[in-house]
Amino acid sequence: MREQGQGGSGGTGSAGEDTAAFGALLRSLRLARALTLEGLAEASGLSARGIGDLERGRRATPQRRTVTALAEALRLTPEEHRRLQAAARPPRVPGAPATGARSLPLPRGVDDFTGREAELALLERLAAQATSGEATSGPVPTTGTAKAPGQPVTATAAQASGQPAPTGAPQAPGQPMAATAEAPGQPTTATAEAPGQPVTATAAQASGQPAPTETPQAPGQPVAATAEAPGQPVAATTEAPGQPVTATAAQASGQPAPTETPQAPGQPVAATAEAPGQPVTAMAAQASGQPAPTETPQAPGQPVAATTEAPGQPVTAMPPQAPRPPVPTGAPSQAPRQPVVVTVSGQPGAGKTTLALQAARRLGDLFPDGRLVVDLRGVDEEPPGATELLLGVLKSLGVADRELLDAGPEGLRELYGRVLAERRCLLVLDNARDEAQVRPLLPGSGPAMVLVTSRRMLTGLDSVHRLPLGALSPPEAIRFLADLAGPGRAAADPEALAAVAGYCGHLPLALRVAGNWLATRADVPVRRLAGRLAVEHRRLDALAAGDVSVASAFDLSYRHLGPAAALMFRRLALVPGQDTGVAGAARLTGQDPFDAEDTLEELVEAGLLGASGERYRLHDLLCLYARTRLSVEDRPEDTEAARAALYAWLLDTTVRAGRWYEPDQDPDPDPDNDPVLADPAEARRWLQAESANWLAALRAAAVAGDHARVVEVAEALHWFSDHWIFWGHWPEVFGTAARSAETLGDPLAEATQLNYHSWAVTVCEGRPEEGLALAARALDAAVRAGDLVQQAWAHHYRSLAYGRLDRAAAALDHIEQSARLFEAAGDLNGTLQSLHGRANALRRSGRTTEALAGYQAALSYLDEHQDHLPAHIAGFARHELLGGIGQCHGLLGQWDEAVSCLRRSIDVCLASGNTAMLSRKITVLADILLSAGRPDGAREAYARCLALGPEADPTRLAHARERLDRLDAD
């Protein structure tokens, strides 16, 4: 452990002189009032032995509440109170080290810190609250996030790798790369978040309830401490008269406070937190998160162990920077402030340690009593125990050996809490294993701030501020690589540098390794490294430099997983898309959904899986690592069986979801299915969320020759495709299905899928010439099949393509042929669509009045037959027809009628959830408002279109943006 200081050595006097001055003044004031020790103890609520120790200088400087209690009991004048307070906290020269500690710089490794400004700003604000005593209403909202593990934090500042390489001997993988330089010639090591060294910081204490610290007790009220089970907080309770008192010197019971703890023979106390294998921690919260009163004995059975410090490893202290103002006489007692605790969590290599160290550097001025960096060695097989770490921190804070000896093993935690209660310290508890390791190290009260870094989310800690870290943003990742490789090389091939950053998944540790590789090979072009990383199955091997390896960092977390979680982690590599849900993950492992969700959450807690809403995602590099472990640990037949189960479920559920949108289908939700898909909206959400996964399953079915399955899936998705026009993959879906149908020798299925394919390329991708050719092929296949409905649809799609090519006469001819065929086949929905298409063709040809009548006729037909059409198809047709009527009124200069119809169309479209069509309706309304001389309404409508986001029609977004710019220019 290091207690980090920031100044020179030297001060105004020794600790012994300070305590002696206070003790002499206290004794003189007591004798001046003819009070015995027992009398002052009874009046102040403190113990006689404790007061005697203060007068003899045997105890460390008293807390402010102790001084206030003594002043009130002695009835001091304001001037006497000021003198006593000043003696308790003697002024110190700025830059002087804290008592008993040496001043050393922070670990190196943050000079190339990049980004994370939002996170640092949050930590600065929390630090100001910690040191000012400002109350917080609760945990501050977290920033960042997560891209996917997860969940991406966009701003980023320190690479887990983001630390410059330590000088000296290489560190073994998985050990923190840090050392402190004490005297000249000592190596300086940086916490570079070596593989496997995570960091977390939490900003509220586990319970959020401050523990009283040396609060005066009413005379005659004995206090007893109830000892909880090991690791549980100790709470003070008032016993009935005559009950034994077990509380500490801060209690009114008059029991003396222990002063020193025996040290294990031969065990030096306090290790450099960053030195390999040297853990140190200091915090005083109880295992349950409920702070125990200070100076309360620890529950029995808690071992006390000394931290072994490597030879030559220093313990450093930050010097105080300004004297603290005395408390005025008669000032009302205030409740103890709570320390601020922040947990910084994230996957291996996210830069947690580096962020914590950068924060420690920035926040130094706010914590004049010290900054301590403590390596909890959370990924070790046997991390250090709490008492071992407590002892090391107390030693580094300058607590005398005699006082540690007097405290004894059972009093170590209360001594720890008492020491920190009045010190403005920043403690970085780096690389925490779990909540149980952290809880005993959180102080119950005082102005301290604690940053806890961990690969785990430490969900079990209460009342903490949570700061999850994800990957860097692309610009930050590129800037970080450029800093390492050199600006000249970065400028010479920026595309290659961006490719390297992308192959690293913008993960700080991977970027550090890649950057170091470039820095040590100045004559090798960046493009060569990009080429090496482009090979997926070799990427993790390439991301190793010296003893630093991305795969080794991942392995440290993976080896701590239980069997079920490890299996889930490996098989998540079989998910073809970027993420999955609980139901899909359950198919991979054969678990029921509830057990699968528990397993997924275990992976999230371990920092190996990202979560966003109900979706779970592996980072790209973690996915490669999981794939590697899958090939090593699982039998090929088991892997293929898991993949087949996932793909079968994906295609089954795709068919179920798509059928909600088919005119002749009315799915009955099966409660035994997962997901249930109770309505079209739920079906749409599933289809969109799982699109990358079911598309991959569809491709696999086509490659495997399961052509009937391919056609079935595409058929189920036809009507849904109208509700997600700009997805980008409909031509592939329907083109693949058309080829499968042709292979099956089914002309009707071939005609159907060719019609769908024609629609997709014409409407979704704006290629009407290709759509025209596909519709012609569909017509030929439909004639061969003898199917009137598909012949009608072929004419319908030919009309659509001709309309996009501004060939109005041809468009009108084919739509009328379509209408006759639909009527002959008795197809209600087809007839409605042809009536709508005819009105569109008339409008495009400039025959506005006829078009208006055509739209109105189609709307009447819809009103007449609505009960025989699915609700979502009727709703789609209604907002389209109302929109067409509004456009015609606009073309005729009938502005009020146009605006009214378009607003009705927008309301219907909004209810359908079809964002692409909604963006079209809103821009038509905006154009009409602008033409009507209503620029304010038009501006509002264009802005509303832009607010729809990426699911809107991209051509309409560009149109709205251009019109808004023009309006602003005017």
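Residues are numbered from 1 along each chain as its sequence is written, and side-chain values use heavy atoms, with hydrogens and water left out.

The protein averages a pLDDT (the predictor's confidence in each residue, from 0 to 100) of 78, and 73% of the residues score at least 70. Over residues 1-19 the pLDDT is below 50, and over residues 90-105 it stays under 50 as well. Where pLDDT is low, the predicted coordinates should not be read in detail.

Now the first pair, with helices taken as DSSP runs of H or I, at least four residues, numbered from the N terminus. The axes of α12 (residues 474-485) and α14 (residues 494-503), lines fitted to C-alpha atoms over the stretch in contact, with angles from 0 to 180 degrees between N-to-C directions, come within 9 Å and cross at roughly 110°. α12 and α14 are therefore roughly perpendicular, a label for angles of 65 to 115 degrees. In contact (heavy atoms within 4.5 Å), A477, I478, L481 and A482 of α12 meet L497, A498, V500 and A501 of α14.

In the second pair, the axes of α36 (residues 915-931) and α38 (residues 954-969) come within 10 Å and cross at roughly 30°, which makes α36 roughly parallel to α38, the term for angles under 35 degrees. Among the residues meeting there are R920 and D927 from α36, and R956 and R963 from α38.

Note on methods:
This is a predicted model: local features need pLDDT of at least 70, side-chain atom pairs count only at pLDDT 80 or more; totals for chains, interfaces and linings use all residues. Helices (H or I, at least four residues) and strands (E, at least two) are DSSP runs, numbered from the N terminus. Angles under 35 degrees count as roughly parallel, over 145 as roughly antiparallel, 65 to 115 as roughly perpendicular and the rest as oblique.
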